[in-house]
Protein chains: 2
Amino acid sequence: MAVGLSADLNLVPINGIRLGVISAGIYRTPRPDLCLIEMVPGGTASAVFTTNAFCAAPVTVAREHLARGRPRYCLINAGNANAGTGARGLRDARAICAGLAALAGCTPPEVLPFSTGVIGEHLPVDGIATALPALLTSLRTDGWAECARAIMTTDTIAKGCSATIEIAGRPVNITGIAKGAGMIHPRMATLLAFIGTDARVEAPVLDALLRSCVSDSFNRITVDGDTSTNDACVLLASGAADHPRIDDAGAAAAMDLRHALSTICTTLAQSIVRDGEGATKFITVRVEQGRDEAECLLVCHAVATSPLVKTAFFASDPNWGRILAATGRAGVRDLDVERVDIFLDDICIVSGGARCATYTEQAGQEVMARSEIVVRIVLGLGSASATVWTCDLSTDYVSINADYRS
Amino acid sequence: MAVGLSADLNLVPINGIRLGVISAGIYRTPRPDLCLIEMVPGGTASAVFTTNAFCAAPVTVAREHLARGRPRYCLINAGNANAGTGARGLRDARAICAGLAALAGCTPPEVLPFSTGVIGEHLPVDGIATALPALLTSLRTDGWAECARAIMTTDTIAKGCSATIEIAGRPVNITGIAKGAGMIHPRMATLLAFIGTDARVEAPVLDALLRSCVSDSFNRITVDGDTSTNDACVLLASGAADHPRIDDAGAAAAMDLRHALSTICTTLAQSIVRDGEGATKFITVRVEQGRDEAECLLVCHAVATSPLVKTAFFASDPNWGRILAATGRAGVRDLDVERVDIFLDDICIVSGGARCATYTEQAGQEVMARSEIVVRIVLGLGSASATVWTCDLSTDYVSINADYRS
C-alpha cells in the first residue's frame, strides 16, 4: 500500500537526457512496457549489477557493453526478465541492442539492455523491434515520471525523486527512478534504478560515487530476502551543466555530488521498501554498539528477514520476543545477552537481555500501531552501527506472489 | 493442515519410562499444558539444545543439570517459553525443578525443565507448583500420545512414532514425540522432541548417537528460517531391556540402534514440517553434485527459506525461475550456471542453466499440484549431496503468526 509515498512525482528534467516509453505488447494487457533513456554524446555512465550467479541475459550483455564503450542508451522492458533463458536469452538481448543501434545511428555497445518481470520466458524480440522506431520518436526531457510508471511490475506506485545542488556556483540537477517490489534483497546492487544528472564527471569518479552510495542505500534494504537475477542501478551523467569537470573523487565538488546522490539513492531505496509487496509498514532496523559493521549487519538482516518478526509488525503485535530470538540467532560471536537493549521507537522493550522494567504492553502497542517504526538493537560490544530498511510480511505478500503469473 | 500425517498415534510404551500430563492453567483456556516424563534410576540420557544466544531459561538450567547428574525427570510446559525473562526466568525454572524434586524424592539436578510458547512472559510458578502432586500421580507407561498432545502450541496434530528392533536377539523399543510448528530452523538442535528407549546404553555412546541422528534429521528441516530460543531434543534410555550394555559407539549393536533412532528422528522431524504453520505441501529440497556438504546445504537453505519459492509451491505454480534465482544467490563459489540442472520430481525443468527443451508448463503444473514434491538441484561441481525438508508459505502462515498472541 506504499507506506508514506505520494503518487505525485515532481521530477526535474536533466539537460542532456531524454526518455520515452511505448507499449510493445510484452504484457498481455497492453500498457507501456518498453522504455528508452538517451544521453547526449560525451556523457559518462556507471552501473552496478546483481551478484546472483543466475544473472539475467541483459545483465551479462549490459556488463559487456559497459566495458567496451560509453553508453548512449538504456533500453528497458518490464513484463519479462529474460533470465534463465540460456544462449537464446543472450542472443535476444544482443538483437534488440543491435536493432536500436541501427535506428539510432550508434554502435550496439552504446546500448545497455535491462529487463524485469517473469523469469524463464523468452523475450518477444519481434514485438520489441517493431516498437523501436516509435519509441525513439517519443523521447523527451520530461519523460522521467512516465518511464518510472512503465518499469513497474508488482509495484503499486511509481517511484522517483530529484535534487538540485550547486557545484562551483553552478546549478546541477539529479533525478532518479526505481522499481521494486518483490525479490528484493540486494547484494552489491539492486532491482532497477536509473539516475540521471547533468553534472560533468569523469567516469572513474562516477563509478566511485555510485558504488559508495549504493552500498549505503540499495544494499541496505530487504523485502523478502530474495536477491533478484536482474538487479541493476545505472547512473548517467550528461555533462550538460557548466561547472568545471569533476575528476577527483576526493574533491569538494565530488563530496557535494556524493551527498546529493546519496540522498537520491536512499530515498529511492526506501521507496522500494515502502511499496514492498503487501507492505503495510515501513520498518527501520538499526543495530548499534557492534564491534564492526559486518556484525551489525548480521543482526540487521536476521531481524529484517525474520518472517515471525515481520508478521508481528503486520499484526501490530508487540511480540518483541521474536526480535530477541532473531537477534540471538544472528550469529554474533560471543554475544552477551545481558548487555543487549532493544527499543521500539522511543520505548525500551528489552534491557540487559530481559523485558525492560518500565515496559508496558500498552506502550508497545502504541508504537506497533504506527505505520513507520524504528527497531533499535544495542549490542553493547563496540562502537559500530548499521541500518537496514524493510517492511512487514502480510497475507497480501503471499497472495501477490501466489497469483503473480496467473 | 498436516501434510500426509495421521491423527492416529500408535506409540509403543517403553519399559522404565512413564509419562503424565495435567492442566496447570498456563493457557487461559484450560487444556493439558504441563507434562512429566519419568525414567527409572540407572537410565542414561542425552540432550541437544538450541544455539540461539538468547536461549530460554529452561535451556540454561537443563544444560546445567545435565552436566551435574543423571536425569530422572523431564518437566515440560506449553503456553510459555520462559525466554527473554532474565534472572527471574532462571529462578523460576530452578524453582519448579526443586519443587518437583522435593515431591519425587530426588535432587533438583535430576530434573530437566523445558518450556515452549510465548517469549517474554514470566512462568506461572505457583500454578505449576500446585499441579505437581497430581501430575506425579498421573504417570503411566502408555502416556506418550497424551504427552505429545499436551506439548503442542500452534501444531494442528500430535506427532510421534515408534520402532522395535532386536539387539543381541533381545527386543528393544524406541518411541519419540515432538512438537513444532513455527520458529523452526534448527542449528544443532531443534524444537521440543523427547525420545525414549529401553535400550541399555552408556551415556557417551548415547550422546554420540543422538548428535549424529539429530544432525541428519532435526537439523535438516526449516519452516520459516527462525531458530527458536527453546529448541531441545532429549533421548532417554531406561536400560530396562536385557541385551548386553552398549558401551562402544562403533559396535554393531550401536549401529543397529543408530539406524532405528535415525528413522525415528527423521520421521519426527518431517512430521514437524508436514504440520508447519499454514503448510499445505511437504517439500524435499535435495542438492547433488556439490563439492562438499556445506556447499549443498547453502543451496538447500537458500531454496527452502525463499519466500518466493515457498509461495509458488503454495500456489501450485511452476514458477521455476524462483528456484533458479534462489540457487544463484546461495553463495556457491564459482557456480557455473551452464552445468546446473533442476528437477521437480521426475520432470527436468532446467538443463544446462536454462529452461529444459523437453519441459512443458503442463508437466510442471502436474507436479506442482501434488502435496509432496522433491526439488532436485544438480550443481555439476563434485560428488557431495544434502537434503533439507520444508513446507510452503501460505496466507495461513501469516494469519497464524499475526494472530498468535491475540
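Trainee: Which residues does W320(B) touch, leaving out those up to four places away in sequence?
Mentor: This is a predicted model, to begin with. In it, W320(B) touches I342(B), I349(B), V350(B) and G364(B), and also G120(A).

Trainee: Where does W320(B) sit in chain B?
Mentor: In the loop between α8 and α9 of chain B.

Trainee: Buried or exposed, that W320(B)?
Mentor: W320(B) counts as buried, because it has 25 C-beta neighbours inside 10 Å. The cut-off for buried is 20 or more.

Trainee: How far is W320(B) from L344(B)?
Mentor: Their C-alpha atoms are separated by 8.9 Å, and along the chain the two residues are 24 residues apart.

Trainee: Now the two chains. How many residues does each one give to the contact?
Mentor: Chain A gives 52 residues and chain B gives 53 residues.

Trainee: What rotation puts chain B on chain A?
Mentor: A rotation of 180 degrees, with 0.0 Å of shift along the axis, and the RMSD is 0.0 Å. That is the relation of a two-fold axis.

Trainee: What share of the contact residues of chain B recur in chain A?
Mentor: 98% of them, so the same surface serves both copies.

Trainee: Which residue of chain B comes closest to the rotation axis?
Mentor: T395(B), whose C-alpha is at 2.5 Å from the axis.

Trainee: Different topic. How is chain A divided into domains?
Mentor: Domain 1 covers 17–274 and domain 2 covers 282–402. Their C-alpha centres lie 33 Å apart.

Trainee: How many residues of each domain of chain A are in contact with the other?
Mentor: 10 residues of domain 1 are in contact with 11 residues of domain 2.

Trainee: Which elements give two or more residues to the domain 1 side?
Mentor: β9 (221–222) and α6 (252–274) of chain A. Of these, α6(A) gives the most, with three residues. By class, the domain 1 side has five polar, three nonpolar and two charged residues.

Notes: Residues are numbered from 1 along each chain as its sequence is written. Chains are lettered from A and ligands numbered from 1 in the order in which they are written. This is a predicted model: local features need pLDDT of at least 70, side-chain atom pairs count only at pLDDT 80 or more; totals for chains, interfaces and linings use all residues. Domain bounds come from an automatic or database domain assignment. Two residues are in contact if their C-beta atoms, placed from the backbone, lie within 7 Å. Helices (H or I, at least four residues) and strands (E, at least two) are DSSP runs, numbered from the N terminus. Ala, Val, Leu, Ile, Met, Phe, Trp, Tyr, Cys and Pro count as nonpolar, Asp, Glu, Lys and Arg as charged, and the others, Gly among them, as polar. A residue is buried if 20 or more other C-beta atoms lie within 10 Å of its own, exposed if 12 or fewer, and partly exposed in between; C-beta atoms are placed from the backbone. Copies are superposed by least squares on the C-alpha atoms of residues with pLDDT of at least 70 in both.
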